[in-house]
Amino acid sequence: MATNKTKQIQKPALSLTSIINMSMGFLGIQMAFGLQNGNASRILQTLGADVGHLSWFWLVAPITGLIVQPIIGHMGDHTWSEKWGRRKPYFFVGAILTAVGLVFFPNSASIGVYLAGAVLLFAVLFLAMMDASINVAMEPFRALVGDMLPKHQGTIGFSVQTILIGIGAVIGSNMPAWLTALGVSNYAPEGFVPNSVIYSFYIGAAILVLTILYTIFTTKEYSPQEFEAFSQEKDEIKEEEKAKLVDIFKDFAKMPSLMKSLGLVQFFSWFALFTMWVYTTSSVATHHFQLPTNDATSIAYNNAGNLVGELFGYYNLFAVFFAFALIPLSKAIGKKQTHAIALFCGGIGLISMYFIKDTSLLWVSMLGIGFAWASILAMPYAMLINALPLKKMGVYMGIFNFFIVLPQIVNGIFGGPIVKGIFDNYAIGYVVVGGISMILAGIISLTLKGVGKDEEQTQETIEAASQIEKNV
């Protein structure tokens, strides 16, 4: 690619208000995720899915993420309009389509009842639509932090996202229980979803659209000309127009070594998270409420489902508070050490669910999980952005998502047969396996090389970023 050297201009530091504005949409996105994570297994089991097959239904999410996020990242890197900017068109389209999925997913029984045997099929289709659309809206937010912030503000940028993510997830996770407390029915005829869940999804759809619009109207993105000055190399416009989707594979082959190492940490971290999201409802119902494994319609089961929503709200709430500690802690002991400690806490939290039988004490398990969740949402990205070229921020954030979705796909394929064949459909044993996986991720985190503090870059990181720039 032909390039002309130009004088580099440092990206200005942004105010805390500006950082909050550009990340506000994540609150709505994570409310959608909170509703999905806390209720998808509950909805699918209510509609007739067997616990041993749950992970297969959940495969929809990582597969859509695997396909969608790198493509959206690549397209965002090469999109620009004076009115809409670079990332904002994808926020908007993704928000609208996600809202539609949120409305239809819990109503799958009402729609599928007209086609015998198609209820689960409709549920999977709407879940796929919702997941693909969330990915369209979510990936550009990660890239936007890299676009807009100087690298020394990376940790605070992703920590603010973590705080907003936590707030959104607390609201989404608790919404069915809150509505139940307000008198909305938490019971429905067999094969249908309770109104407490359906109305929660409606509220989530509305908040998602409003928060995305807030980010769109309050954030002004940098122009291509400003990016040229920031990235130190000026690309010829004609060359930029030749960018093709096939370039994603070339970029994948050129990823920096730090990104590969972080990918292994991500693999075991997200293997554990997927286990928790898929199997906690069944685990609490069978291990703590002592319900039979085939009960997915009783009042007790729906009460267990509400409890899981509240527990997920707890870990997201704890994540909000721990996110404030990430910045000083990472400066004091280092980013990889901070991440490792958080992952150890998360692993212990998951394992402790087996030993804590009193449901009123399960919040203790959520404390460790909340620490891990806060760090997973912030620290890998804060470590990564120093090694990424500015003009490839979107596509590399999308590629980094491979290390999030691949463990979920592996878990989704093999998790169900393991739960059924080894644990006899009592999923709490597999939740313990998830805890061990998260501890392993923490051990690997301690071995990372090329990770500096916010105010510095190691020579290895600088050389990695420089080499990528030369190969682009």
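Take Asn425: is this residue buried or exposed, and what is its relative accessible area?

Analyst: One thing to keep in mind is that this is a predicted model. Asn425 is buried, because its relative accessible area is 11% and the cut-off for buried is under 20%. Asn425 sits in the loop between α18 and α19. Helix α18 covers residues 402-421, and α19 covers 428-445.

Now look at the backbone. Asn425 has a positive phi of about 70°, yet it is not a glycine. Most residues other than glycine have a negative phi. Asp424 also has a positive phi, of about 55°, and is not a glycine either. Asp424 lies in the loop between α18 and α19 as well. The two residues part ways in their cover. Asp424 is exposed, with a relative accessible area of 54%, whereas Asn425 is buried at 11%.

The chain has 472 residues, and 61% of them are buried. Its secondary structure comes to 20 helices and two strands. Take the contacts between residues at least 6 apart in sequence: 83% of them join residues at least 24 apart. The chain exposes about 17,900 Å², and carbon and sulfur atoms supply 67% of that area.

Go to the interior. In soluble globular proteins, nonpolar side chains tend to be buried together. Here the largest nonpolar core has 119 residues. Ile29, Phe105, Trp277 and Trp373 have the most contacts inside this core. Helix α13, residues 257-288, gives the core its largest share, 15 residues. Follow Trp373 for a moment. Beyond its neighbours within four places in sequence, Trp373 is in contact with several residues, including Ile165, Trp270, Leu273 and Trp277. Its contacts also include Gln30 and Asn316.

A buried residue can be polar too. Asn306 is in helix α14 and is buried, with a relative accessible area of 8%. The side chains of Asn306 and Thr180 are joined by a polar contact of 3.3 Å. Leaving aside neighbours within four places, Asn306 also contacts Arg42, Pro176, Ala177 and Asn186.

Other loops are worth a visit. Thr297 is in the loop between α13 and α14. Thr297 counts as partly exposed, at 32% relative accessibility. Gly191 is 106 residues away from Thr297 along the chain, but their C-alpha atoms are separated by 7.7 Å. Thr297 touches Tyr187, Glu190 and Asn302, not counting residues up to four places away.

Leu361 belongs to the loop between α15 (335-355) and α16. At 41% relative accessibility, Leu361 is partly exposed. Helices α14 (299-333) and α16 (363-384) each supply at least two of the patch residues.

Back to the starting point. The loop between α18 and α19 holds Asn425 and Asp424. Asn425 is the buried one, at 11%, while Asp424 is exposed, at 54%.

Notes:
Residues numbered from 1 in each chain as written. Predicted model: local features only at pLDDT ≥ 70, side-chain atom pairs only at ≥ 80, totals over all residues. Heavy atoms only, no water. Helix = DSSP H or I, 4+ residues; strand = E, 2+ residues; numbered from the N terminus. Buried < 20%, exposed > 50% of the residue type's maximum accessible area, 1.4 Å probe, protein only. Core = buried A, V, L, I, M, F, W, Y, C linked by side-chain atoms within 4.5 Å. Contact = heavy atoms within 4.5 Å. Areas by Shrake-Rupley, 256 points an atom, 1.4 Å probe, with all protein chains shown as cover. Polar contact = N/O pair within 3.5 Å; in protein donor to acceptor, adjacent residues only side chain to side chain.
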